Amino acid sequence: MLKKEKLIDFASTIVKMSDADMTTVSVVGNKESLTRFSNNEITQNVDSTKYSFTIRTVYDGKVGIVSGTSIDGKNIKKFLEKAKEISKNQTHKKEILPLPSKTDYFFTKSFDKKTEELSPDQRAKYVKDAVKICAKEKMNGAGIFSNGANSFVIVNSNGLEAHFENSNVTFSITAQAKNSSGWAEQNELSVKKIDVIKSTQTAVEKAKKSKNPKDVKPGKYTVILEPAAVADLVSFLSYTTFNGLMIAEGRSFLSNKFGQKVASEMVNLYDDPYFEGVGGIPFDFEGFPRKKLTLLENGVFKDIPTDRKVAKMLNLDNNGHSLGADDEYGPLPLNLYLKEGSSNLEEMIKTTKEGILVTQFHYVNMLNPMTTTITGMTRNGIFLVKDGKVKDGLKNMRFTQSIMEALSNVLMVGDRCIVQSGGFGGGFAVPALKIKDFTFTSKTEF
Amino acid sequence: MFKLGKLAIDVAKHYGADYADIRIIDTKNEEIVVKNGKLNVDYSNTLGFGIRVLYKGSWGFSSSDNLTTSEIKRVAKEACLIAKASSSLQREKVRLAKEDTYKDHWFTPVLKNPFRIPLERKADLLFKIDEILRKKSEIKVAYSEMSFQNIRKWFINSEGSEILQDLLRSGAGYSATALGNDDMQVRSYPASFGGQYYSGGYEIIEQMELLQNAERIRDEAIALLTAPQCPDDVKDIIIGGAQMVLQIHESVGHATELDRVLGYEENYAGSSFATLEKYKKFRYGSKIVNLFADATIPMGLATQGYDDDGVKSQRWDIVKDGILVGYMTNRELAHKIGDTRSKGCNRSQGFYSIPIIRISNLSLAPGEWELEDLIKDTKDGIYMDVNKSWSIDQRRLNFQFGCEIGYEIKDGKLGRMLKNCSYQDITPVFWNKCDAICNENYWDLWGVINCGKGQPGQRAEMSHGAAPTRFRKVKVGIGNK
């Protein structure tokens, strides 16, 4: 990826060239290298480095937004003229808030050069190690080994200069056996922490344990959700339930519930871009510093993500969660951290008379944001737990369940958080959860 | 551009590529949004290239947004190095199905270029819709949008093809979010999640009757707040065209992508129950179910001259008289089902993505029923339409879909409006419950602009044609109390 100075220089040049009342330039750089494998061989192998820039100009209370690729600076004049044309061709003015000024940010270590620069040969070596284990067990390995980096810059005509970069590496594997499968994934900021052998063995063990899966009737069960499954649930809280604008406009489950107990007292949920390994951006998409938020404290709804618009609507301070000056979707907590508890997975299993252990969910979607009801399928390792022991593998089932109801029914919280990737803005950190009365509504054939 | 493309091919051959292609893509987008009286206009223009090579039967791909001769040379070399790394873990060499070479310029037929329509005119239409939607206080969010995309794509391969395509698509839609009675309900027009999209120009927007329907959509959103819930029961259901699009997409389109069938998507999007031993034998649906793929159909979002393998667009059957008879294929995998030629389904999101198999325009052929007669023929059912939520398992069997609006059908008559309508079933079981399809007068193409697949993730666009269709004895109202 290009260095900070080069990116800032590119954005600053545009700001200087602009004759608008206000100008903001943001640049996103993304390098992604990914080796994909299935049926124990490499099937795709790609590398892509791309930059995109967005110019926002304001002329006489009218906004023009243009974006493009390639930061060679050749066509900047053309883009600035287009932004001006968009502004001038508008008949409707809207309220324009002043641009943020220069400020300091708190940075955590989130970039590793070696991780960004892993070669295709190095990725192939990791994949070979994984595939060897699968082949030995007569299973088909499918997955990815990817590495890359992201950089993000904002410069505006009020003196603000913000830059952030993170690296990322992901190893993900599905071990496919005759009538069962297992899955494991690791997302890290540095390749030093990646353990391909361990993840592959986990996937293979899950596939072995879940062979010849049995049927159970849909209904309410105590569930033990591994961290990946918990991440699938709480990710919906990020962009719907805790969306500051939805809360302010009465469109969220949490609207008018400020200060109320809405989950089990074992649930402590934060938005924390500074959590180790998450790689969150320390500023929002306008350039305001992102504050760590306590969303739920002992189950009580405490903080609301805000930008300036939502802050004004709710008479709160701006805590730096804007998705952009003209955003109409609403400020979001992008780096959820569900605080770990004191129970390990073994204890959760040992204390369960009858329940279901879930590795991950698949294709989860929101049914009703006002009740936080979602539906989705289990995938790659679902097990019956009986009398404190993991028994049979089960055929996959569909759940239809309110997330907030599930968080009110938490029985135990895992003692270890795992980071789940959340794209270029960083990820989530979540532990395993044991939850009572989790509703499965139908089953499938495998 | 063709000269730059040939340079890429020459460099790739120099580094040992047995096959190479390059796509140089120039994309223009314009998005115009009005939300609660506030206008946002976003214009983008991206340009770059992607080079794909085969080295000893393994793929390598690299891309760049810097279109210069030196960068083309660097990227072509890099693609070859990546392919060499791929070949170190290979079980079977990639074999490309034969395809003629073409020198052609193909373009979307367009009457009115949307990029030349003044911004004020486009924004004014959205402001008028916004005003109607917000005339009643129960509507808390009025959201209307237009979107236009122009892709100029040069494809050059080492076999001698040189193809330029100009693809243009236009779309618009709006939604009204009503709050009250401790509930929130949304109605959209013409379809949800962005509206209706076709390949073509601004003439499409003018034919959508956007303004004429705004009052009805607003009032339906408000009426849903106090409407009874869809019962948790088993009913005959008639699904409208705007929801059938999702049904076809999820339970037939993805299930018949050959790469999924062969396990290439196992770790991410999933695989398919429609495995090869079922080919030309399996009863996918009842005898009246006929689904065809067609990348030549007028106004389809996957309609183009050639795919990203340089394969000429075609029409073929996927399900014929209820039997599985076809798959979505590319040059790499066509031979796995004994075909000597690809069906032309290899597409990528942009210059930075490797082409993968994507659903083509896939449609359910119309039947013979008038909608009025179909309702009269239904004793105890629900009519539901316009997608609200979707979920399906990784082999495309167990699905559960939700609709924005429904109406009770009692003794052949359309009755009360119902909210929170959903239905759940197992794909082939469900399609075998299909016993009536409305005729061509009710048939339309519906655009999908947000189909995700692949790692790194890619988005693709396609259309699905359908008319209202009846399915017998389906579980509905899942989770409604």
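Two strands pair if DSSP finds at least two bridges between them. Helices (H or I, at least four residues) and strands (E, at least two) are themselves DSSP runs, numbered from the N terminus. With those terms in hand, take one pair: strand β10 (residues 291-294) of chain B and strand β11 (residues 315-320) of chain B are joined by 4 bridges and run antiparallel.

This is a predicted model, in which local features need pLDDT of at least 70, side-chain atom pairs count only at pLDDT 80 or more, and totals for chains, interfaces and linings use all residues. Residues are numbered from 1 along each chain as its sequence is written, while chains are lettered from A and ligands numbered from 1 in the order in which they are written.

## A sheet in chain B

The β10-β11 pair belongs to an open sheet of 4 strands in chain B. The order is β12-β11-β10-β15, with antiparallel pairing. β12 (323-324) and β15 (362-364) of chain B stand at the edges. Each has a single partner strand, so one side of each is left without a neighbour in the sheet. Within the sheet, B:Phe292 has B:Asp317 in β11(B) as its bridge partner.

## Around B:Gly171

B:Gly171 is found in strand β6 of chain B. Strand β6 (residues 162-180) of chain B is joined to β8(B) by 4 bridges, and the two run antiparallel. The bridge partner of B:Gly171 in β8(B) is B:Tyr197.

Is B:Gly171 buried or exposed? B:Gly171 is buried, with 26 other C-beta atoms within 10 Å. The cut-offs are these: a residue is buried if 20 or more other C-beta atoms lie within 10 Å of its own, exposed if 12 or fewer, and partly exposed in between, with C-beta atoms placed from the backbone.

Two residues are in contact if their C-beta atoms, placed from the backbone, lie within 7 Å. Leaving aside neighbours within four places in sequence, the contacts of B:Gly171 include B:Ser147, B:Gly194, B:Gly447 and B:Ile449. B:Ser147 is 24 residues apart from B:Gly171 along the chain, yet their C-alpha atoms are separated by 5.3 Å.

| Property | Chain A | Chain B |
|---|---|---|
| Helices and strands | 10 helices, 19 strands | 9 helices, 23 strands |
| Buried residues | 58% of 446 residues | 61% of 481 residues |
| Box of C-alpha atoms, along the principal axes | roughly 70 × 55 × 35 Å | roughly 70 × 55 × 35 Å |

For chain B, the radius of gyration is 24 Å, close to the 23 Å that the globule rule gives for 481 residues, so chain B is as compact as a globular protein of that length. The radius of gyration is taken over C-alpha atoms, and the globule rule is 2.2 Å times the number of residues to the power 0.38.

Among contacts in chain A with a separation of 6 or more, 72% come from residues 24 or more positions apart. In chain B, the share is 76% for residues at least 24 apart, among contacts between residues at least 6 apart in sequence.

## Domains

Domain bounds come from an automatic or database domain assignment. Chain A is divided into domain 1 (4-198) and domain 2 (213-446). Their C-alpha centres lie 25 Å apart. In chain A, 33 residues of domain 1 are in contact with 27 residues of domain 2.

Chain B has domain 1 (2-226) and domain 2 (233-476). Their centres, taken over C-alpha atoms, are separated by 21 Å. The contact takes 44 residues from domain 1 of chain B and 37 residues from domain 2 of chain B.

## Where the chains meet

How many residues of chain B are in contact with chain A? There are 66 residues of chain B in contact with 73 residues of chain A. Strand β2 (residues 38-55) of chain B gives the most to the chain B side, with 11 residues. β2(B) also pairs with β3(A) in the parallel sense, over 4 bridges. There, A:Val66 stands opposite B:Tyr43 in β2(B).
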